[in-house]
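Dear colleague,

I am handing over the structure we spoke about, and I would be glad if you could read the notes below with the model open beside them.

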Amino acid sequence: MIEQYGSIARLNLALGRPKKDATLSQVKNFAKHHKTNKPREMGVALARSIEEKLNYPPGWMDKEHPEIQPIPENQEDIKSITEEKKATSLKLTVIPLFEIRRRSTDGRFVPFKIGNVQMPDIFIEKSAYPIRAEKAESFYVDELTSSDLVPYGSIVILDKSVRSYTKDGLYLVELNGSVVFRKIISSAKGGFIVQSSSTNSEHIQNLEALKILGFGVFIWVQQAL
């Protein structure tokens with residue numbers, strides 16, 4: 001904690017103590033108590049007091065925290081770190097955005113590019129299913145292609161490099177010449193359960209009739225606040 005604040009004096013000020021208060025210095029240096037001649041220790045009362053002053057939860061002082069970084073000593077350091085964090089937070093990945101539309105010529109559903117979406121890099125890097133930007137595509141779900149699996153107005157982010165079943169989840173597939181969303185689940189009885197909605201499913205032995213075009217990684221769903 002002293003390293004975080006840069007000095008005992010700065011930590012004292014953060015705790016509301018006089019800048020030259022010797023308590024923490026004595027604990028740090030194991031100074032002997034003038035009455036007991038034993039080295040001074042943090043003690044429960046002092047630890048809880050520090051936690052309360054610095055808005056840490058009870059017991060925080062009892063654990064190591066290697067993730068804690070030093071607090072900058074001057075405004076230039078603060079400005080530099082703030083700008084670095086801001087620049088990091090503003091890093092965005094541009095992902096092509098498609099809409100699945102019915103073709104007037106033959107009635108098939110096919111993708112049409114309608115724009116792009118920008119997604120913070122941290123969503124990709126820290127997700128349960130991280131993907132590289134060049135492998136990502138997004139699809140806007142309209143009223144013709146929506147279901148309770150992919151609600152109207154939602155946007156699905158796909159890993160387009162997935163071209164075969166890898167695990168249970170939402171897939172974009174080509175079926176009977178049309179591009180549609182299907183949830184594919186491995187069946188305990190063998191084969192697969194393919195769902196077009198939560199109430200409409202089909203048990204098939206293999207996925208030969210489906211051409212897998214991508215695996216659903218994220219879905220953004222419109223929700224009134």
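Is Asp 106 buried, partly exposed or exposed? Asp 106 is partly exposed, with a relative accessible area of 41%, where buried means under 20% relative accessible area, exposed means over 50%, and partly exposed covers what lies in between, for a 1.4 Å probe and protein chains only.

Before going further, please note that this is a predicted model, in which local features need pLDDT of at least 70 and side-chain atom pairs count only at pLDDT 80 or more, while totals for chains, interfaces and linings use all residues. Residues are numbered from 1 along each chain as its sequence is written, and side-chain values use heavy atoms, with hydrogens and water left out.

Salt bridges

The structure holds 7 salt bridges, each being a side-chain nitrogen of Lys or Arg within 4 Å of a carboxyl oxygen of Asp or Glu. Asp 106 is paired in this way with Arg 108, their closest N and O atoms being 2.9 Å apart, and Arg 108 is itself partly exposed at 29%. Arg 101 forms a salt bridge with Glu 99, with 2.6 Å between the closest N and O atoms; here Arg 101 is partly exposed at 36% relative accessibility, whereas Glu 99 counts as buried at 13%. Arg 17 is bridged to Asp 21, the closest N and O atoms lying 3.6 Å apart, and a network of salt bridges links Arg 48, Glu 51 and Asp 62.

Nonpolar cores

A nonpolar core is taken here as a set of buried Ala, Val, Leu, Ile, Met, Phe, Trp, Tyr and Cys residues joined through side-chain atoms within 4.5 Å. The largest one has 22 residues, of which Ile 157, Tyr 171, Val 173, Ile 184 and Leu 207 touch the most other members. Among the elements that give two or more residues to this core are strand E1 (92-102), strand E4 (155-159) and strand E9 (211-220), strands being DSSP runs of E with at least two residues, and helices runs of H or I with at least four, numbered from the N terminus. The largest share, 4 residues, comes from E9. A second, separate core of 13 residues includes Phe 98, Val 150, Val 156 and Leu 158.

Ile 157 has contacts (heavy atoms within 4.5 Å) that include Ile 95, Val 117, Phe 215 and Trp 220, leaving aside neighbours within four places in sequence.

With kind regards
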